[in-house]
Amino acid sequence: MSGKNSTSQDRKTKLIILIVIVAALVVALGLIIYFGTKNKNKTDETSSTTEPDSSIYDDLNVSSGAVDNTNEDVYNVDSNTLSILTGLPIDESKANKRPLSCMIENTKACLPQYGLNQAGIVYECPAEGGITRLMAIFDNYDNMDRIGNVRSCRPYYAYISAEYDAIYVHYGQNLVAEQLLKTGIVDDLNGLDGSVGTTVFYRSSDKKAPHNAYASTDGINAGIEKKGYSTDLPAGYEQHFKFYGPTEDNAIANGSPCEALSLYFPNNKPYFIYDKDSKTYKRYQFGAAQKDAIDGNQCEAKNIIIEYVPSQIYAGTDYLNITLNGSGKGKFITDGTITDVTWTKSSDSGVTRFYYADGTEITLNPGKTWFELCENSGEDKNTFYETADQMNN
């Protein structure tokens, strides 16, 4: 009798253990499904922040530390003096003034940018990690409370700034650029320079570092005074460009139609579309119109110059180097037309010149110029369209 009871008890014990094990497995499976779904949602939320979002430029706050000073305010239509950067009439007091060049971040995290529409020239060049960085060059930087955000120097930007004898504004530099700056290639205002850093720059509260460093007209002028830099162009200053007259508007002779172009830069995927009313190329990136937070207007260019350049990585570093001296190929785009050009630059501080196929130097239409420095390896990845509809399709 006791043997049967023992056997029955063993069966009950085993059945209880089996039930506990099954229950534990069900609970474990439920937890796996729960946390797996939660992590997937978290990953999806993180990934979604990298997708183009047209809302990043919506409802720009033009009063947030910025003066509404549009590009039209910068150039004086009644003046007989022409800007060396744009060929447009400018106040005589600015005619002999050294330009100002400023490094500006160009990632989605920094948007919107401040001051691009007041610049006469904008350079876009690749940097490390597939991103690009901008350098805006101003011949009039008056009445600006917020410029930037300002980021660090790369050697090729310092060389470009030297071409214009511009006072160079940046916030830090990589190690290679640090050695170059020590040579005095440019007069610079550096956010990491204790003598002027807090004078020229400030950090805003609406973004997190490093995306929140900005400069202002008052700060820049105070920094220039502290450094003792001259604000006058030197005697015999060599102007970069030839311009048509301020009232002229010329398509490229023997050029091909070009109403849209897209560039190979993988992070911001920039492109331009020609506006036949304004006769300018409207700028887009990150899947949306690129706008300046100061005036809320879309960035645009009268002229676009693409310069194909050699590139390499500095030995023993992750830093990109772009070679600016020498010669190479390029494209000149203006007034709905495009043509092949060549470029030459003879020295570190020499002026880069651009020539048509027949050897004559190009002439720009008066207005803003965007320079796109593209690595030679990216030449076949840029696309040019005769009509905007072709790109849209």
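Student: Is Lys302 buried or exposed?
Tutor: The model is predicted, with local features needing pLDDT of at least 70, side-chain atom pairs counting only at pLDDT 80 or more, and totals for chains, interfaces and linings using all residues. Residues are numbered from 1 along each chain as its sequence is written, and side-chain values use heavy atoms, leaving out hydrogens and water. Buried means under 20% relative accessible area, exposed over 50%, and partly exposed in between (1.4 Å probe, protein chains only). Because Lys302 has 9% relative accessibility, Lys302 counts as buried.

Student: Which residues does the salt-bridge network that includes Lys302 join?
Tutor: A salt bridge is a side-chain nitrogen of Lys or Arg within 4 Å of a carboxyl oxygen of Asp or Glu. The side chain of Lys302 meets that of Asp249 in such a bridge, at 2.9 Å from N to O. Salt bridges that share partners form one network, joining Asp249, Lys279, Lys302 and Asp335.

Student: How many residues apart are Asp187 and Arg98?
Tutor: The side chains of Asp187 and Arg98 form a salt bridge. This pair links distant parts of the chain, and the two residues are 89 residues apart.

Student: How many salt bridges does a search of the whole structure find?
Tutor: One further pair is Asp340 and Lys331, at 2.6 Å from N to O. For the whole structure, the search finds 20 salt bridges.

Key. Helix = DSSP H or I, 4+ residues; strand = E, 2+ residues; numbered from the N terminus.
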